[in-house]
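Please look at the model below before reading the notes.

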Amino acid sequence: MKIVVVDAQGGGVGKQLVAGIKLALPSADITAVGTNSIAASAMLKAGADRAASGENPVIVACRTADVIVGPAAIVIADALLGEITPKMAQTIGQSKAKRILIPFNHCENVIVGISDKGLGRLIQEAVEEIKKLQK
């Protein structure tokens, strides 16, 4: 299973996702794509098989992904302090991959109807969804 983890800013969410996925699915092929080099580096240190940063790596990685996972803001243009470009959001949104999005009320985007769970619990739920997809 080819999993693409997308994160921005400091890569903290992506780092926890990569670590959780590798723990639950050690054979998963994880490509970490940060919107910047700090985010990419954090995810690589957490165990991603490879990492890159920037708009074009998001576009390229999403072409062959089975699963794309990250904060819900990765499908919103200009989100995460402007680090998600319109082309990134469009590419992720139009990908044939299964998208597993972590809901956060952050950066002027409010997702109603979600309970106020901690980040650790949200990461755990995302990993459980990925496990369900394994064939």
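The numbered points below describe fold, size, core and surface.

1. This is a predicted model. The protein has six helices and five strands. In sequence order, these elements follow the pattern β-α-β-α-β-α-β-α-α-β-α.

2. The C-alpha trace spans about 35 × 35 × 25 Å along its principal axes. A compact globule of 135 residues would have a radius of gyration near 14 Å, and the protein agrees with this because its own value is 13 Å.

3. Of the contacts between residues at least 6 apart in sequence, 68% join residues at least 24 apart. Buried residues account for 43% of the 135 residues.

4. The largest nonpolar core has 21 residues, and the ones touching the most other members are I3, V5, L17, I21, I30, V69 and I130. Two or more core residues come from each of β1 (2-7), α1 (12-24), β2 (29-34), β4 (67-71), β5 (98-102) and α6 (119-133). The largest share, five residues, is given by α6.

5. What does L17 touch, leaving aside residues up to four places away in sequence? Its partners are V5, V69, G70, I102, I123 and A126.

6. Another core lies apart from the largest one. This other core has 18 residues, including V58, I68, M88 and A97.

Terms used
Residues numbered from 1 in each chain as written. Predicted model: local features only at pLDDT ≥ 70, side-chain atom pairs only at ≥ 80, totals over all residues. Heavy atoms only, no water. Core = buried A, V, L, I, M, F, W, Y, C linked by side-chain atoms within 4.5 Å. Buried < 20%, exposed > 50% of the residue type's maximum accessible area, 1.4 Å probe, protein only. Helix = DSSP H or I, 4+ residues; strand = E, 2+ residues; numbered from the N terminus. Contact = heavy atoms within 4.5 Å. Rg over C-alpha atoms; globule rule 2.2 N^0.38 Å.
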